[in-house]
Amino acid sequence: MFDDVGLFFDALSDDYTKAIERCFPRYREMLWALVDYLPADRSFGSVLELGCGTGNLSVAIHDAFPKASLRVVDLSQNSLDLCQTRLETCDGFVCEQNDFGTVEYSKGSFDLVVSSIAIHHLDSSAKQSLFKRIHDWLTEDGVLCFADQCAGANEELNTRHMENWKQLSIKAGSSETEWDMWMQHQAECDHHDTLPDQLDWLRDAGFTTIDCPWRFLLWTVIQASK
Ligand SMILES: C[S@@+](CC[C@H](N)C(=O)[O-])C[C@H]1O[C@@H](n2cnc3c(N)ncnc32)[C@H](O)[C@@H]1O
């Protein structure tokens, strides 16, 4: 069952927020950083979110840019239903069940593309293709900002990340069974690439200003502007 990303998050959707806050206790801080570091002088009109889940980032984006039209995409229909309930009164809100590994939009459709803990479900080559497609979907001065898990640059650093993360998660209330559930999902569905590789791929895709404004262990916020 866990080898299908959409079905895994369908099954988890009702408990997702509590589970992710136990899994990664700095989850809310990471979402805050993603939104806070967006260019302060910009009022984004059209926003795309990839892998919205139950809508925690979607709500934060709507609060920060209440006039923006927001399109959210996810594989998990149960998660999308919960996201829809939280945002259905917002003008210009669109929920789409689709795979962001293959979905296409017209050139220059969005001022801002955001995502949180979702892009690591694509392998290295699919990530590189996604970064190029996002570059096309963005307007001339468009911005991509996403939070995700990055591999350590070598085996030793990666092992330290995983050990420290597990300690943090257990301290925050995850049981060993719950941790094993995340690790089984990770082994079957996740593809962690290093931060330097992803920064290179963003530059190859055509982005010019690229930075990592927040990082803790393997958890990272990456911002790239055209
Ligand atoms: C860990 S959850 C993150 C949810 C939310 N963004 C958050 O920050 O809490 C990952 C989400 O990405 C979605 N997802 C993963 N791969 C996807 C893909 N290729 N296309 C669309 N959605 C995907 C999953 O269904 C899931 O809802």
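Before we look at the sheet, recall that two strands pair if DSSP finds at least two bridges between them, and that helices (H or I, at least four residues) and strands (E, at least two) are DSSP runs, numbered from the N terminus. What you see is a predicted model, in which local features need pLDDT of at least 70 and side-chain atom pairs count only at pLDDT 80 or more, while totals for chains, interfaces and linings use all residues. Residues are numbered from 1 along each chain as its sequence is written, and side-chain values use heavy atoms, with hydrogens and water left out.

On one side, E4 runs parallel to strand E1 (residues 46-50), joined by 4 bridges, and here Leu48 has Val113 as its bridge partner. E4 also pairs in the parallel sense with strand E5, residues 138-149, over 6 bridges, and in E5 the partner of Val113 is Leu144.

For polar contacts, meaning here pairs of N or O atoms within 3.5 Å, a backbone N or O atom of Gly51 lies 2.8 Å from a ligand nitrogen, whereas a side-chain N or O atom of Asp74 is 2.6 Å from a ligand oxygen. A polar backbone atom of Leu75 is 3.2 Å from a nitrogen atom of the ligand.

Note on methods:
Polar contact = N/O pair within 3.5 Å; in protein donor to acceptor, adjacent residues only side chain to side chain.
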